[in-house]
Amino acid sequence: MERQEDAFYVDWNAPPIRVIETISNYAERITLQHKKGFMVWRFWDGPKNKAPLLLLHGGWGSWLHWIKVIPRLAAERPILVADLPAMGDSSDIEGARDLDAICEMVSAGVKDILPKRNVFDLCGFSFGGIVGAKVALTCENECRSLTLVGAAGFGNLHVIVEGLKKPFSFSNKGEKFNIHKSNLEKLMIADDLAIDELSIFIHQKNFEKGRFRSRRISQGAALIELLPRLSTKIGGIWGELDATAGGIEGLKQRQEFFRKLQANSKFDIIKGCGHWTMYEKPIEFYDYLREHLTFYENGGSQTPRSA
């Protein structure tokens, strides 16, 4: 997927650990201590003529959810990516381990790292969409836009994917590989050919480092309650075959909800794509996200594309 416009070269055929190291080495790693623990952030310092883009990963995830699009995004704007509390390289949360505690730490981190920035754009994937909505509410004077990607938190519209398995600690390497591959097939990626060594490696590492059980929150109606309270511009990008979406009808209901709140809200569907859109179809995802960001930069004056 290497393109001329990428900020740096990545050999996507290299072993997974080498791919991750290459991309991570171009970032500034920032660790911020809070009262309830610490958070790890990665910052790719792109061109200053664009507002920073904050990326929030999904449940049982890490910054690696965004790995396929970071090189391209970093070529045209600063990119700030979190490891959410109790996930990835960030610490556990002392005391109450709930959504409010996570969002408090994320919002504080954004204000610490981007103190001199007038505005930033935010993109949240799956569970990260719920966190993003609360952060946008807390930082409503600075957060210009919120793009939700396969976001959870839509109550009865959210489909519970059954049949996911957890590998046992005593499972051998081959058994763990097959379990994570099967989980990717069921939940994350629609096209089996897009499930490669890197995606399985990322999924396994994220699972091993995950400590916060986000499923209960994802199945709730947090976004239905939060989005009407936002003054921030909102939009959505979903995969047509997202296992959590409930098919085209479920996607249309989400689009209608967005458009009732903001008539010119952009809502795009990537054909033939599953839940993890930015990994399965990174070029298409980037092109849609870029349209969204350009739309917000122009004050929301473009006509939104129909789904």
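Reader: At what relative accessibility does lysine 205 count as partly exposed?

Author: Buried means under 20% relative accessible area and exposed over 50%, with partly exposed in between (1.4 Å probe, protein chains only). Lysine 205 therefore counts as partly exposed, its relative accessibility being 33%. The model is predicted: local features need pLDDT of at least 70, side-chain atom pairs count only at pLDDT 80 or more, and totals for chains, interfaces and linings use all residues. Residues are numbered from 1 along each chain as its sequence is written, and side-chain values use heavy atoms, leaving out hydrogens and water.

Reader: How far apart are the closest N and O atoms of arginine 144 and aspartate 121?

Author: Arginine 144 is in strand 6 (residues 143-149) and aspartate 121 in strand 5 (residues 120-125), so their pairing ties together parts 23 residues apart in sequence; strands are DSSP runs (E, at least two residues) and helices are runs of H or I (at least four), numbered from the N terminus. The salt bridge has its closest N and O atoms apart by 2.8 Å.

Reader: How many disulfides does a search of the whole structure find?

Author: A disulfide requires two cysteine sulfur atoms within 2.5 Å. Searching the whole structure gives a count of zero.

Technical notes:
Salt bridge = Lys/Arg side-chain N within 4 Å of Asp/Glu carboxyl O.
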